[in-house]
Amino acid sequence: PEPRFASYESPLARQRSFTSASPLLLLAVAHPMPEDDEEAAARERAQRYIKFGTVTEKNVEQLRKLNLAVFPVRYNDKFYSDLASAPSQAYTHLAYFNDILVGAICCRIEPQEGAAFKLYIMTIGVLAPYRRLGIGTQLLKQVLHACALEPNLQELYLHVQTSNSDAIDFYTRFGFSQGEVIKDYYKRIEPPDAVLLHRVAPFPVLSKEEQPARYA
């Protein structure tokens with residue numbers, strides 16, 4: 001099962017300057033616990049109630065409330081207005097459980113030369129009562145699927161604290177490779193070093209059967 005985690009970009013990141021031009025990403029992971037038969041059965045039953053949607057001007061305030069509940073940081077209005085007005089919503093997904101917004105993944109497009117671009121995972125989180133249902137995994141899979149459909153995408157990447165082995169293992173299972181270790185990447189957490197995790201094409205495509213139910 002997926003680890004219980006929430007990853008988020010610090011609002012202070014945009015005030016810092018990195019040679020990689022990458023924002024600060026903080027990742028907090030609790031150790032994953034083994035899944036027994038009863039828990040696996042409950043997880044399977046829960047799937048009928050899980051649906052996914054995109055960010056719009058009408059629901060962006062729900063995303064703001066979700067982030068306030070999941071992350072220990074506050075994002076400014078521009079963070080949300082940029083998400084709602086992004087030319088492509090393929091890289092930001094909302095997760096609903098029985099019509100309640102319970103999780104989200106948000107990515108930022110970083111233009112490169114010509115039509116090429118990179119994609120940075122800014123936040124991915126699920127409300128505590130709804131974790132271990134595979135929602136975080138499905139959110140990431142949808143982003144990977146969207147990446148597979150975009151030939152101009154050069155790379156999908158993020159940063160993780162070097163001590164966060166559960167998070168590193170989670171992304172490694174999805175084909176991410178470890179890159180350079182950046183010393184003193186973080187300013188307010190220990191250890192302060194971060195490892196770059198990245199993945200390039202080819203990206204996995206979800207079959208028609210694997211594509212999740214959409215929220216109306």
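Reader: What should I know about the model before we start?
Author: Residues are numbered from 1 along each chain as its sequence is written, and side-chain values use heavy atoms, with hydrogens and water left out. This is a predicted model, where local features need pLDDT of at least 70 and side-chain atom pairs count only at pLDDT 80 or more, while totals for chains, interfaces and linings use all residues.

Reader: How many helices and strands does the protein have?
Author: There are five helices and nine strands, in the order β-β-α-β-α-α-β-β-β-α-β-α-β-β along the sequence. Helices (H or I, at least four residues) and strands (E, at least two) are DSSP runs, numbered from the N terminus.

Reader: Why is Gln161 called buried?
Author: Buried means under 20% relative accessible area, exposed over 50%, and partly exposed in between (1.4 Å probe, protein chains only). Gln161 has 9% relative accessibility, so Gln161 counts as buried. Gln161 belongs to strand S7 (residues 153-161). Of the 216 residues in the protein, 50% count as buried.

Reader: What makes the approach of Gln161 to Glu190 a polar contact?
Author: A polar contact is a pair of N or O atoms within 3.5 Å; within protein, one must be able to donate a hydrogen and the other to accept it, and residues adjacent in sequence count only if both atoms are side-chain atoms. The Gln161 side chain reaches the backbone oxygen of Glu190 at 2.9 Å, so the distance meets that limit.

Reader: Now the rings, please. Why is the pair of Tyr49 and Phe97 called tilted?
Author: A search of the whole structure finds nine aromatic pairs. Rings of Phe, Tyr and Trp (its six-membered ring) pair if their centres lie within 6.5 Å; planes under 30 degrees apart count as stacked, over 60 as edge-to-face and the rest as tilted. For Tyr49 and Phe97 the centres are 5.6 Å apart and the planes at 40°, so this pair is tilted. The pair links distant parts of the chain, 48 residues apart: Tyr49 is in the loop between helix H1 (37-46) and strand S3 (50-53), and Phe97 is in strand S4 (residues 93-97). At 40% relative accessibility Tyr49 is partly exposed, whereas Phe97 is buried at 17%.

Reader: And what makes Phe79 and Tyr80 edge-to-face?
Author: Their ring centres are 5.0 Å apart and their planes at 80°, so the pair is edge-to-face. Phe79 is buried at 7% relative accessibility, and Tyr80 is buried at 3%.

Reader: How do you know that Arg64 and Glu61 form a salt bridge?
Author: A salt bridge is a side-chain nitrogen of Lys or Arg within 4 Å of a carboxyl oxygen of Asp or Glu. The closest N and O atoms of Arg64 and Glu61 are 3.0 Å apart, so the pair qualifies. Both residues lie in helix H2 (residues 60-70), three residues apart, about one turn of the helix. Arg64 is buried at 18%, while Glu61 is partly exposed at 41%. Glu61, Arg64 and Asp77 are linked in a network of salt bridges.

Reader: Why is Lys183 called exposed?
Author: Its relative accessible area is 60%, so Lys183 counts as exposed. Asp193 has 15% and therefore counts as buried. The side chains of these two, Asp193 and Lys183, meet in a salt bridge at 3.5 Å, N to O.
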